[in-house]
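Have the viewer open as you read.

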Amino acid sequence: MVYRGPYKVRVEEKDMPVIEHPGDAIVRVELASICGSDLHLYHGMMPDTRVGMTFGHEFIGVVEEVGPGVRNLQRGDRVMVPFNIFCGTCWFCARGLYANCHNVNPNATAVGGIYGYSHTCGGYDGGQAEFVRVPFADVGPVVIPNWMDEEDAVMLTDALATGYFGAQLGDIVENDVVVVFGAGPVGLYAAKSAWLMGAGRVIVIDHLEYRLEKARAFAHAETYNFAEYDDIVVHMKKVTDHLGADVAIDAVGAEADGNFIQHVTAAKLKLQGGSPVALNWAIDSVRKGGTVSVMGAYGPMFSAVKFGDAMNKGLTLRMNQCHVKRQWPRLFEHIRAGYLKPSEIITHRIPLEHIAEGYHMFSAKLDGCIKPLVVPNAG
Amino acid sequence: MPYTPERPALTESSEQLRARIPGWGADLNREDRPSVPKLDRGEGTGVPGEFPERQPEKWPRERSIEHKFLTPVFGTSCPPHGLSGALRKYSYRKYSEGRAAHWLLLLGADRVDAWEQHLRSFLTLRPDNPITETGVLSEFTRHGISSRFGKKRADVKHQWLDPFIVAGPWLLMAALVWSVVRKASRSRPARRTELAN
Ligand SMILES: [Zn+2]
Ligand SMILES: [Zn+2]
């Protein structure tokens, strides 16, 4: 697929990706998915998203070719690829901060390299394609274990790892009341992970009934539809005995659709780097001295965040892109133990040729869509 | 209750939760949670202290001025071209990431790029097609109406605004052009009458 401008994508023949660095591999994509954060690109909100770019940072596939410097992988290996591109040797990688790698993104120092995520994230083509270039192939990808379902594997490349990470950032202790804003894939996984970490109560807020239903069934959560309340913050205070939640997780990111002003200035006019409505609700709903965890995607543009409230309440704000690969060993254990079945949230499987319809459906939240997979060569 | 020191009671005990939710408490021990994102020396997956080999630079690759040099590895999708490319290169050359101008120029270049490519597509065998490329046909195949209405969705409440917000600037521009043209055409005869007097 290629981007053709805001709200437009199409399928095009592109040149076959080539080995450009000795550490590269070329991967033939078997399964990819569309991510909520791809919608920031699709809506034209992320600076330096160029026409002709291929999106997709969540994919698994088979190694087609390796560069001369690759030791750990060979042609024919089935691999899952974390969405972060990272070198494994820089100051940040040496400290496990793979999402913050300094050697892969010339376009910015504040954000790392991501497949198919604009030039702000390094200008790499993504995996909603038949083939993709994977830099530092010895470092990022991992061979998919035999016992693992391929649809579970693709969820591990971002959404599940990020959801679990969001719960980790909350530093949950036993019996904590955890509120998750956003019942998209990442929010659902964050809610589920909060239980693994010992939460005493998990609340999920969204406005799409079908997603809240999933939050109840999949993540055993208590749910509220913010569209039914005048003021969701007051409601949150009421249901937590006026204390507020111990931990609030923003699993929405920019482009949250809140009130009228936010809808106009952020979602439509793009005067802010996305609407911070979910983040502001998190700041308002958490108790004083509580923790706000942010792993929803925000772009580099400024947003009107209620920083004064965060300061006056003594909040701990923790955030980052997920260092996906660090999550894998533990998440593999949880999947094997049957605590998590990530593919349960997948709702649609779209052939690559129909990706324009897929994007529209996902963006407009039609047909009960929670997580769409993209299948190249489905024909 | 925040007005007294006691924690509000939970409706379910840890034991009840453990029985109800698969895996409850499996990662309860905070010390044992893997990959907590704190500084963690020596966790790199490569050879420590090794600077990677450099990927060849096939065209002057734009880069943030906050970097000391071009990173050893980078993406090669969509080299800059045309007016949008010039704007992008200027923005990277001139402004750091800390400057709003940097990002606004890049966003502006994105809009220019879309128009450039849109116009260029009409010179090709495959012009842009607003119906197939926006995927609007999925409105019919994917329950466009029933997905939106009667579902208590927050976005539907102000969706009626969208056409105005999207078309508004164009309409304003058209009105402006119209009034300028009208003023220009009115002022000419007026001047003539002055001259006649
Ligand atoms: Zn993603
Ligand atoms: Zn690195």
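How much area is buried between chain B and chain A, and what percentage of it do carbon and sulfur atoms give?

## The interface

Keep in mind that this is a predicted model. About 9,000 Å² is buried between chain B and chain A, with carbon and sulfur atoms giving 53% of that area. On the residue level, chain A brings 112 residues to the contact and chain B brings 99 residues.

The polar side of the story goes like this: 57 residue pairs are in polar contact across the interface of chain B and chain A, both partners being at pLDDT 80 or more. Which parts of chain B touch chain A? Eight helices of chain B each supply at least two residues to that side: helix 1 (14-20), helix 2 (82-94), helix 3 (100-121), helix 4 (130-134), helix 5 (138-141), helix 6 (144-148), helix 7 (154-157) and helix 8 (162-196). Helix 3 of chain B gives the largest share, at eleven residues. Sorted by class, the side of chain B that touches chain A has 38 nonpolar, 26 polar and 35 charged residues.

## Salt bridges

Side chains of opposite charge can pair when their charged atoms come close. How many such salt bridges turn up over all chains? The search of the whole structure finds 33, and the interface of chain B and chain A has ten salt bridges.

Within chain A, Arg78(A) and Glu30(A) form a salt bridge whose closest N and O atoms are 2.9 Å apart. Arg78(A) sits in strand 5 (residues 78-81) of chain A and Glu30(A) in strand 3 (residues 25-33) of chain A, so this pair ties together parts that are 48 residues apart in sequence.

## Pockets and a cavity

Rolling a probe the size of a water molecule over the atoms shows where empty space is left. The second largest pocket holds about 1,200 Å³ of space. Its lining runs to 44 residues, and Lys14(A), Asp15(A), Gly52(A), Thr54(A) and Asp125(A) lie nearest the centre. Strand 1 (2-5) and strand 8 (131-134) of chain A each supply at least two residues of this lining, as does helix 3 of chain B. The lining's classes come out as 16 nonpolar, 14 polar and 14 charged.

The residues lining the largest cavity are Phe83(A), Asn84(A), Ala99(A), Val111(A), Gly112(A), Gly113(A), Ile114(A) and Gln321(A). That lining divides into four nonpolar and four polar residues, with no charged ones.

Conventions: Residues numbered from 1 in each chain as written. Chains lettered and ligands numbered in written order. Predicted model: local features only at pLDDT ≥ 70, side-chain atom pairs only at ≥ 80, totals over all residues. Heavy atoms only, no water. Contact = heavy atoms within 4.5 Å. Buried area = accessible area lost by both parts, 1.4 Å probe. Salt bridge = Lys/Arg side-chain N within 4 Å of Asp/Glu carboxyl O. Polar contact = N/O pair within 3.5 Å; in protein donor to acceptor, adjacent residues only side chain to side chain. Helix = DSSP H or I, 4+ residues; strand = E, 2+ residues; numbered from the N terminus. Nonpolar A, V, L, I, M, F, W, Y, C, P; charged D, E, K, R; others polar. 1 Å grid on protein atoms, 1.4 Å probe; cavity = no way out; pocket = protein on both sides within 12 Å on 5 of 7 lines; lining within 4 Å. Points joined across faces, edges and corners; volume = space filled by probe spheres on them.
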